[in-house]
Amino acid sequence: MSTTTPQAPDGAAVRLTGLHKHFGDVHAVRGVDLLIAPGEVVAFLGPNGAGKSTTIDMLLGLTRPDAGTVRIFGSDPVAAVQAGRVGAMLQAGALLPDVTVRELVTMFAGLHRNPMPPARAIEMAGVTDIAGQKTQKLSGGQAQRVRFALALVPDPDLLVLDEPTAAMDVEVRRAFWASMREFTAGGRTVLFATHYLQEADQFADRVVVLARGVLVADGTGAQIKSTVAGRTISAVVDGSATESLGALPGVLGTERQGARTLLHCNDSDTALRALLAAYPQAHDIEIAAGNLEDAFLELVATSRQEAAR
Ligand SMILES: Nc1ncnc2c1ncn2[C@@H]1O[C@H](COP(=O)(O)OP(=O)(O)OP(=O)(O)O)[C@@H](O)[C@H]1O
């Protein structure tokens, strides 16, 4: 990690203030404010078209915001990238062909002032066994790991990854996160975009949810789950009407699954008491805690409803 570059006066690794970006009629990013402290591992979650890549491009200085400012360790993003403080792994772009992985990483290291030794980046990214292979021979998952090695080369304080595990199978994904843990153990900062909610929950200290260009949630995985409380009661309730079950206290909505009815609750204790009082014949009752997937879908649905108002 570079120690010679001064820290930001405000101590922030990333500070996004009032970011907006339009593409013609599309208002892709609509007033994003985000502060990331040094050492935080932040997952950037959102459905397709939420504005994650556009925000990341602005953060890296690849796209200019229409309004708002980006500061990385207190400086302009282009200056921070040039100073080697930022490593980036963007969504698929072709790797330079006709060179081996080792040659590519070494060439890339030659472009930086204080790079990590290429062998170290190769080892950390877990591509030692394919270091002698030509880049055009790599599978999608292997190419992603090589992109990770390239992102590590500047020995950055901040790593920005746009859907890093998109092309990786389960095993490669696990190895990737093990390498990431090693990288972040030294207190470095990471922002990664993902569609994998479980990944966000497992690997990030903090989950930031973007929907339709607006931040709709910001907290730990557990906090985000609890903001939509979400427990589900599943039961077979013979002779009941779905509407009357939906009207029970503590129930937010209902869903039929064959013979079973699912009750999505914000207060499952109250809902269960009311269910048994009104329908003592209810049986095969199961209660499941909400997962991040449910929380995420609910947050996105709420933001759609608010946008439509
Ligand atoms: N260069 C561009 N020209 C026109 N529209 C664009 C451009 N880049 C992004 N958009 C639009 O801006 C919106 C946000 O796109 P963006 O790629 O930032 O979303 P995302 O959250 O990264 O999505 P995904 O998960 O699918 O990668 C979308 O409506 C997209 O179609």
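Me: Two strands pair if DSSP finds at least two bridges between them. With that settled, what is the strand order in the open sheet?
Reply: The order is β5-β6-β7-β3-β8-β9, six strands with mixed pairing. Strands here are DSSP runs of E, at least two residues, and helices are runs of H or I, at least four residues, all numbered from the N terminus. This is a predicted model: local features need pLDDT of at least 70, side-chain atom pairs count only at pLDDT 80 or more, and totals for chains, interfaces and linings use all residues. Residues are numbered from 1 along each chain as its sequence is written.

Me: Which strands stand at the edges of that sheet?
Reply: β5 (86-89) and β9 (214-219). Each has a single partner strand, so one side of each is left without a neighbour in the sheet. From one strand to the next, the twist averages 15°. Axes are lines fitted to C-alpha atoms, for helices over the stretch in contact, and angles run from 0 to 180 degrees between N-to-C directions.

Me: Do β3 and β7 run parallel or antiparallel?
Reply: Parallel, with five bridges joining β3 (residues 41-45) to β7 (residues 189-194). V41 has V190 as its bridge partner in β7.

Me: Which strands does α1 lie across?
Reply: β3, β6 (158-162), β7 and β8 (206-211). α1 runs at about 150° to β6. Helix α5 (residues 140-152) lies across β5 and β6, at about 165° to β5. Contact means C-beta atoms, placed from the backbone, within 7 Å.

Me: How many residues of α1 are buried?
Reply: Seven of its eight, which leaves the helix mostly covered. They are K52, T54, T55, I56, D57, M58 and L59. Buried means 20 or more other C-beta atoms within 10 Å of the residue's own; exposed means 12 or fewer, partly exposed is in between, and C-beta atoms are placed from the backbone. Just after α1, G61 takes a positive phi of about 80°.

Me: New topic. Which residues are around the ligand?
Reply: F23, V26, A28, G46, N48, G49, A50, G51, K52, S53 and T54. β2 and α1 (52-59) are the elements that give two or more residues to this shell. α1 gives the most, with three. Near means a C-beta atom, placed from the backbone, within 6 Å of the molecule or strand.

Me: Where are the domains in the protein chain?
Reply: Domain 1 is 14-218 and domain 2 is 230-289. Those bounds come from an automatic or database domain assignment. The two C-alpha centres lie 43 Å apart.

Me: Last one. How many bridges join β11 to β12?
Reply: Six, between β11 (residues 251-257) and β12 (residues 260-265), which run antiparallel. V251 has C265 as its bridge partner in β12. Their hairpin has two residues between the strands, and G258 takes a positive phi near 60°.

Notes
Two residues are in contact if their C-beta atoms, placed from the backbone, lie within 7 Å.
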